[in-house]
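Trainee: I'm new to this one. Could you pick a single part and walk me through it slowly?

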Amino acid sequence: MRTFLLLLTGMLAVSSAYAGECDFIQFNRCESCDSRFAFEVGSDEACTYLCPNRETNYEGSGSSVLRINCALKECPKEFPYKSPYGSCFATPHEAEVADYEAGEEFAKKENTNNDNIISDNSQEDIICPPDKPLQRWDGACFACDEEKAVRIPSDCNIDKDCEDICPNRTILYWVGGNVPSVPNCPPDKPLMDDEGICYACDAPIVVGLRWNERLCERFCPDEREGNDVCVLKRDKK
């Protein structure tokens with residue numbers, strides 16, 4: 001019963017959050033294709049599928065990590081200078097030091113406040129209360145219906161044993177660190193990719209799930225299949 005109520009609450013919150021128009025949804029936020037900031041996608045196809053006015057670049061990629069940035073093809077006149085990642089800025093200097101401002105933009109999607117930290121315990125001894133079972137990496141506790149992404153303890157990323165804490169949320173695993181727990185995508189676009197972007201199960205593109213292959217079957221078992229990428233089943237094409 002508790003699990004059902006959590007799922008129902010999450011679905012109602014999702015319906016309310018997306019009542020307006022969205023070009024796409026990332027980390028539980030409506031986003032515009034006209035934003036001057038580049039964002040990461042899980043596959044090359046995803047960028048122009050989501051936003052025909054954007055293109056990909058691979059700035060920030062390394063020998064073991066592929067970073068696919070989705071950036072405006074042309075910057076607006078008031079922000080004409082591109083950073084290496086493709087975000088648009090008003091001056092060349094701002095474009096050169098763009099990482100800070102882009103980080104501030106992402107912070108809007110992530111809960112970074114300290115209001116919910118339990119200060120009378122060491123981080124190792126913290127046990128979150130039943131009404132706020134979701135623990136952030138620094139010991140802060142949140143309700144499962146927290147609207148923003150919450151970066152969870154690294155043990156959850158390593159052991160993958162925190163899935164049942166909040167069934168209405170999706171954990172996006174990575175090669176290491178404090179990975180985000182994000183509210184599930186809305187019912188009409190239930191499939192979340194590696195970068196927290198939501199897709200319909202019948203989206204005619206490759207959806208990148210490099211470290212989160214379980215999400216393909218979890219959200220679209222009848223329509224899609226795959227491992228590091230999630231594709232339409234042959235009989236669904």
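Mentor: Buried here means under 20% relative accessible area, while exposed means over 50% and partly exposed is in between (1.4 Å probe, protein chains only). Before going on, a word on what you're looking at: this is a predicted model, where local features need pLDDT of at least 70, side-chain atom pairs count only at pLDDT 80 or more, and totals for chains, interfaces and linings use all residues. Residues are numbered from 1 along each chain as its sequence is written, and side-chain values use heavy atoms, with hydrogens and water left out.

Now, which cysteine does Cys-47 pair with? A disulfide joins Cys-47 to Cys-70, with 2.1 Å from S to S; the cut-off for calling a disulfide is a pair of cysteine sulfur atoms within 2.5 Å. Cys-47 sits in helix α2 and Cys-70 in strand β5, so this pair ties together parts that are 23 residues apart in sequence. (Helices are DSSP runs of H or I with at least four residues, strands are runs of E with at least two, and both are numbered from the N terminus.) The torsion about the S-S bond of Cys-47 and Cys-70 is about 80°, so the disulfide is right-handed. Cys-70 is buried too, because its relative accessible area is 0%.

Strand β3 (residues 39-41) runs antiparallel to β5, joined by 3 bridges; two strands count as paired if DSSP finds at least two bridges between them. Cys-70 turns up again here, as the bridge partner of Phe-39. Strand β4 (residues 54-57) is also antiparallel to β5, with 4 bridges joining them. In that pairing, Glu-55 stands opposite Ala-71 of β5.

The structure holds 10 disulfides, and one of them joins Cys-33 and Cys-51, whose sulfur atoms are 2.0 Å apart. Cys-33 lies in the loop between β2 (29-31) and β3, and Cys-51 in the loop between α2 (44-50) and β4, so parts 18 residues apart in sequence are tied together. With a torsion of about -75° about the S-S bond of Cys-33 and Cys-51, the disulfide is left-handed. Cys-33 and Cys-51 are both buried.
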